[in-house]
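Take a look at the model below. We will go through it ligand by ligand, then turn to its strands.

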Amino acid sequence: MDLYFLTGTGNSYWSSITLRDLAESDGVTTNVIPVDGLKRGDITLNKSDDLYGFLYPTHGFSLPWYMLKFMLKFPAGRGRVFFINNRAGMKLSRLYTPGISGIAVLVPMLIFLIKGYKIAGTMPLDTPSNWISIHPGLRPKIVNSIFDRRVSDLRNLWNRLAHHKRIYPAKFWILLPVDILVSPVSFGYMLYGRFLLGRTYIADYKCDGCGLCAIYCPVSAIRMVNKRPYWTYRCESCMRCSNICPKSSINSSVPLAITYSWLLFWIIGYQGPFAEIWRWIDQTGPLPSFFIKYAVWWIITFIFAWVVYQVVFLLSRIKIFNILFSYTTPMKFWRHYLAPGFRGKYK
Ligand SMILES: Cc1cc2nc3c(=O)[nH]c(=O)nc-3n(C[C@H](O)[C@H](O)[C@H](O)COP(=O)(O)O)c2cc1C
Ligand code: SF4
Ligand code: SF4
């Protein structure tokens, strides 16, 4: 069995090695393969076993672009495939709550069906939420209790896979209507949110330019510019850099997120500076105008966001501005998160 994984804070890596250990205890040789940096030519189809798993985090009710692109370049074949999307597991009082998948497995299923594979199933895996730009990292006791519960999920998955049975757990079906309902948000995140979210990161005044964030980024999204990290549009907002920075120096700036949201409404608004352009496009008819408007709006927003980020990046070199950016972001004050034992390296 080959397990291809992408991870930000280690949950998907934990899922991969836990599943590998279960399979190997049954005598099934299992390769755990990080997709970061893997090229099309590096992918070999496993003739003897024919079972491929894809493990990755859920981002914005969808999957990271990087994983999607990897799946698209995966060779066509006849084997069995399954998907494990790690989601935001939480514990509120005594209640364990699940995350929401949106299109995180529906799109991959479609891609692999078209490529000729048999879909063996899916397992949404509620590992601890790592989205520390919106909430503090979970307490270690809760993290451990969530992981303990996930081992039995993976055992069930493996038992079924080993017996060539399909795996579609009840929690997949129960949340499917919600997943379909939120799918417009999923596409919005993939086409827009994800790119701008990655542009909200700023290193604070404690950054000493060690460059570890750039080295450990799974998708090489950080460039060091004059000894300061600069986030490019490649960023998947996976949270690894914020959590491995030895100085806890990386924050996702709330004022920047608000600026981008405001830009979005100002640019698309009929009261804004581009109102005449939108009215002119409206004359092309409802459907063409929708697509033209979206494309023009996307380009303008991205140019504006790029300019804003250049300015903020330059200002962040001035200590007083940097302190201002840092102290207006709650993330600076709360607990970070990495899966137990994970420090950005794969064994
Ligand atoms: C930017 C971002 C968006 C996220 N969106 C979702 C989501 O839509 N649904 C969900 O259940 N979890 C979401 N999460 C939580 C992660 O998918 C979850 O914590 C996962 O276990 C992280 O796996 P990793 O450590 O392998 O990256 C999000 C996390 C981040 C950082
Ligand atoms: S890891 Fe932290 S301290 Fe090192 S360069 Fe990145 S932001 Fe700065
Ligand atoms: S820059 Fe940071 S958040 Fe973005 S993909 Fe790289 S490690 Fe993840």
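From which domains does the shell around ligand 1 draw at least three residues each? Domain 1 (2-186) and domain 2 (188-333) both contribute at least three residues to this shell. Keep in mind that this is a predicted model.

Stay with ligand 1. It has 25 residues around it. Those that come nearest are Gly8, Asn11, Ser12, Arg87 and Gly99. Two elements give two or more residues to the shell: helix H1 (11-25) and strand S4 (80-92). Strand S4 gives the most, with three residues.

Now move to ligand 3. Here 14 residues surround the ligand. The closest include four cysteines, Cys217, Cys235, Cys238 and Cys241. Arg240 is also among the closest. How do the residues of the shell around ligand 3 divide? Nine are nonpolar, three are polar and two are charged.

Strand S1 (residues 2-5) pairs with strand S2 (residues 31-34). The two run parallel, and four bridges join them. Leu3 of the pairing stands opposite Val32 in S2.

Terms used. Residues numbered from 1 in each chain as written. Chains lettered and ligands numbered in written order. Predicted model: local features only at pLDDT ≥ 70, side-chain atom pairs only at ≥ 80, totals over all residues. Near = placed C-beta within 6 Å. Nonpolar A, V, L, I, M, F, W, Y, C, P; charged D, E, K, R; others polar. Domains from an automatic or database assignment. Pairing = 2+ DSSP bridges.
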